[in-house]
Amino acid sequence: MNRNLRDRSELSRRLFLGGSAVMVGLPFLESLMSKAAFAQTQSAKRLLYWWIPNGVWMDSFRPTTTGTGYTMPPVLAALEPLRSDFSVITGLQNDPAKPDQIGDHASGTAGFITCAHALKSATMIKLGISADQIAANGLIKNGIKTKLPSLQLGIDGGSSAGGCDNGYSCAYARNVTWADPMTPLPKITDPLQAFQQLFMGYDPTASAADAAKRRVYNKSVLDYVTSEINGLSPKLGKTDAAKLDQYLTGVRALELQVTSAAPSSLSCTMGMPPPANVTDYPTHVKAMLDLIVLAFQCDATRVVSFMQGNSTSNQTYPFLMANGAPITQGHHNISHHGGNPGNIAQLIAINTWIFQQVAYLMTQLKAIPDGPVGSNLLTNSTIFVSSDISDGAAHNHQDMPVILGGHGGGALKPGQHVRYGPVIPVGAWRNLTPSSGAGTPQSSGIPVSNLLLTTLATVGVTGVPIGDSTGILPEV
């Protein structure tokens, strides 16, 4: 353990315990901070960009009223207890995400947080830097350094090579994070691998024998640092001691979860798809959300992107019921609903479950104190949740579904439905022509990129344009 911990004036926001084999990030502990260092932590803000596949059924997602007194749609019922902690944003458009002819899913995924137009090619890629990387670069420029500048997580793996959607490269369909116009950053899909990178000084060159040795010893991350933790605990106040205990309990529980779920993945390298038996889908999603919470809690990173699948995801949902039966068709197939009431009922069930996961994450973040008394991780986070398209059948990139979670450290105005432009029923999108006005590429609607600018401002990153942005959205 670094004995400089004795000198409180030398402590940074990010504290770690451990030796050469393991590193554990600790939550913010006021007892160990000098007054000057504590003051610096007050500006700690986090960003999460969460991509969901195949759009949503907008007629069930969009509240019928606006403002703070809006009526919560049933599909968002799980978020009702968090009403004051998020906003529903509708009416924004992402015109650069429109494809050249067909390929809306790949181009829409590519444009998710780049708001840039993807070059249509299976062998050449050209896009733009994504919002999460603008944030990561801006934080470093502002003197804020964490163990990981950003963290890319996902559910489905796969190579970026080849074509995936009507002539569009798989790089567009399987990545939302872009370091520059030609460099997608791969996501980690295995929970154990992500855990190791966050808490064990992840080494991509470690051999299978090294990983097996650790399993033979059967020691958890916390076992490596028991003596250091015991030495640290007496220095803490009552509040910090409880906070540390809560944090370490969560780390141990998560490590046990991912170790039991995927013991064969210890030797996986970054970017590889997860083993076939990593977990079932709901458990996989929950494990990734728990990792996001821990990553923010220990300040291992302040910027995360999460892909809940890949473009055109055909994930099945047999654990959900619709029309009196389990949902066994693929999500993408169902999303091409054709106005069929049975398909729409299945879409609403899937969308409802997805937003239940959003509620789960936000609830976890809200339960963890962070910074000044009364503040928590959700208070100091901004969560952008949206998709590649709006409606799965119309494949439109206008009236995008957006949940904007968190308070952005006080920069946001959560608790409202903000609507931009007129409401156009889902069934009308197919009948729109370039000359028909609202919602078409020729309309004067507000771009999604303006909301992305707003999210960047919550972490103190300003003055950097993204895609077709024109300015922040003060209403949100």
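Trainee: What covers the buried residues of H4?
Mentor: The cover includes strands E3 (46-52), E5 (151-154), E8 (178-180) and E10 (303-307), plus helix H14. Contact here means heavy atoms within 4.5 Å. Helices (H or I, at least four residues) and strands (E, at least two) are DSSP runs, numbered from the N terminus.

Trainee: What kind of model is this?
Mentor: It is predicted: local features need pLDDT of at least 70, side-chain atom pairs count only at pLDDT 80 or more, and totals for chains, interfaces and linings use all residues. Residues are numbered from 1 along each chain as its sequence is written, and side-chain values use heavy atoms, with hydrogens and water left out.

Trainee: How many H4 residues are buried?
Mentor: Eight of eleven. Among them are Asp132, Gln133 and Ile134. Buried means under 20% relative accessible area (1.4 Å probe, protein chains only).

Trainee: What follows H4?
Mentor: Gly143, with a positive phi near 85°.

Trainee: And H14, how many are buried there?
Mentor: Nine of the ten residues in 448-457. Ser449, Asn450 and Thr454 are among them. Its cover includes H4 (131-141) and strand E13 (381-387).

Trainee: New topic. At what angle do H11 and H13 cross?
Mentor: Roughly 30°, with the axes of H11 (281-297) and H13 (341-366) coming within 10 Å. Axes are lines fitted to C-alpha atoms, for helices over the stretch in contact, and angles run from 0 to 180 degrees between N-to-C directions. So H11 is roughly parallel to H13 (angles under 35 degrees).

Trainee: Which residues make the contact?
Mentor: Including Tyr281, Leu289 and Phe296 of H11, and Trp353 and Tyr360 of H13.

Terms used:
Parallel < 35°, antiparallel > 145°, perpendicular 65-115°, else oblique. Buried < 20%, exposed > 50% of the residue type's maximum accessible area, 1.4 Å probe, protein only.
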